[in-house]
Amino acid sequence: MKQLHKSSPTHAPSPAHAPAPKAAKPARPGPRSWIGYLLREQRLLFVLLGALIASTFFLLRPYLSLSPSSHLPDARPLFSFAARSGVPAGFRPPPRRVVVTGGAGFVGSHLVDRLLEQGDSVIVVDNFFTGRKENVAHHLRNPRFELLRHDVVEPILLEVDRIYHLACPASPVHYKYNPIKTIISFIPDLHLLLYKTNVMGTLNMLGLAKRIGARFLLTSTSEVYGDPLEHPQKETYWGHVNPIGVRSCYDEGKRTAETLTMDYHRGGGVEVRIARIFNTYGPRMCLDDGRVVSNFVAQALRRQPMTVYGDGKQTRSFQYVSDLVVKETIDPMATIEFKPNTADDPHMRKPDITKAKQLLHWEPKVSLKEGLPLMVTDFRQRISDE
Ligand SMILES: O=C(O)[C@H]1O[C@H](OP(=O)(O)OP(=O)(O)OC[C@H]2O[C@@H](n3ccc(=O)[nH]c3=O)[C@H](O)[C@@H]2O)[C@H](O)[C@@H](O)[C@@H]1O
């Protein structure tokens, strides 16, 4: 094979038969002549210098950009605010019109503070069953704030961009005291027609969201896991709820609300969010809310024994360190009274927040030791006003 590509000197034309000489073509440079070309007149030096300048430019480009928001290299966190909400640092969302159902309640009123603070216009819809006007009284003069007394079991038409649907009594005391109210509401003017707060209220607000194209957030609860068999609880866990137990009006009500929310998303194209809120405590909780942290704080401030239901071995997100901290913070002499526990009380509850950390860059920031004194200050003030 090699022979076939070799030109033989025996085939070279003799000078006598040679055609007239053509203008000599410049020989195509082979690898050797390229090297020779580069080595001549310090051309190699210029090539290397050019490569150095180009690579320096590309390496430094992220730092040299004139845009202040793009000066960080990829490896650095671009979302300093993302630890809380996934919004880039320095980015302020455009003002929105928002309705918060249950906005005069404990969690709702804190949400309203935050929304107004970021420039949104807020309409609070509350029937004041567990919410209090005092929780939002500081906004009454704000032109971007409106307060409506309305029960979400009845339809309402509002023009908003976002619906935060929080309305529902969340303490076992409230929903055990009035279980019919939690899941079924009696509307006298519609004669024996039963409405369900979680079902009808959520349906009404989802219907509104679909009609006006608003984004919808349902605040659900850790109670959808019931007395969980999986610990800690992941978003994928389906729960262990007693459907005929004393807590089921709340647990099943919220589970149905979640179902409706996803059905409106899948079938109606509504953009939705579901947040399963675990045991929350803080200022503006009802003094006699009945939940463990508010009970202990109020009881300690009133110098009453702190009531422990059952054997006191149940756990929640804040664990039983709360007993100790409350005692230390308010009254080291506080006594403890053991009482029988209620049926179906979850034995242990703790969220698995791996996904929230990964996707939302969210994790709790305030420890019980930091947060509890803020709640105690608020409770002390309100109890002294009694
Ligand atoms: O705070 C919350 O976020 C949750 O509160 C309740 O859920 P639960 O875990 O039963 O809350 P608590 O009433 O505070 O009870 C926690 C544990 O403390 C016990 N407890 C409560 C009150 C008390 O005075 N003493 C006491 O030992 C309860 O038996 C229970 O085991 C609601 O059902 C949830 O919807 C809500 O999400």
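Which helix and which strand each supply at least two residues of the shell around the ligand? The points below take this up and then turn to the domains, the helix pairs and the backbone.

1. Basis. This is a predicted model, in which local features need pLDDT of at least 70 and side-chain atom pairs count only at pLDDT 80 or more, while totals for chains, interfaces and linings use all residues. Residues are numbered from 1 along each chain as its sequence is written.

2. Ligand shell, elements. The elements asked about are α8 (292-301) and β9 (306-309). Helices are DSSP runs of H or I with at least four residues, strands are runs of E with at least two, and both are numbered from the N terminus. With 3 residues, β9 gives the largest share of the shell around the ligand.

3. Ligand shell, residues. There are 21 residues around the ligand, and R291, V292, N295, Y309 and Q314 come nearest. A residue counts as near a molecule or strand if its C-beta atom, placed from the backbone, lies within 6 Å of it. By class the shell around the ligand has 8 nonpolar, 9 polar and 4 charged residues. Here Ala, Val, Leu, Ile, Met, Phe, Trp, Tyr, Cys and Pro are nonpolar, Asp, Glu, Lys and Arg are charged, and the others, Gly among them, are polar.

4. Domains. The chain is divided into domain 1 (79-277) and domain 2 (281-386); these bounds come from an automatic or database domain assignment. The contact between them takes 26 residues from domain 1 and 20 residues from domain 2, where contact requires C-beta atoms, placed from the backbone, to lie within 7 Å. On the side of domain 1 that touches domain 2, α3 (106-117) and α4 (172-177) each supply at least two residues, and α4 has the largest share, 3 residues. That side of domain 1 divides into 9 nonpolar, 12 polar and 5 charged residues. The ligand shell also draws on both parts, with at least three residues from each of domain 1 and domain 2.

5. α8 against α11. Helix α11 (residues 368-384) packs with α8 at an angle of about 50 degrees, and their axes are 10 Å apart. Axes are lines fitted to C-alpha atoms, for helices over the stretch in contact, and angles run from 0 to 180 degrees between N-to-C directions. α8 and α11 are therefore oblique to each other; angles under 35 degrees count as roughly parallel, over 145 as roughly antiparallel, 65 to 115 as roughly perpendicular and the rest as oblique. From α8, V297, A298 and L301 meet M375, V376, F379, R380 and I383 of α11. This contact has 7 nonpolar, no polar and 1 charged residues.

6. α6 against α7. Helix α6 (residues 197-212) and helix α7 (residues 248-268) pack at about 20 degrees, with axes 9 Å apart, so α6 and α7 are roughly parallel to each other. Residues of α6 in the contact include T197, V199, L203 and L206, and those of α7 include A257, L260 and Y264. By class, the contact of α6 with α7 has 6 nonpolar, 7 polar and 2 charged residues.

7. Backbone points to check. The peptide bond from H231 to P232 is cis, with omega near -10 degrees, and P232 lies in the loop between β7 (215-221) and α7. R303, a residue other than glycine, has a positive phi near 55 degrees. R303 is in the loop between α8 and β9.

Technical notes
Contact = placed C-beta atoms within 7 Å.
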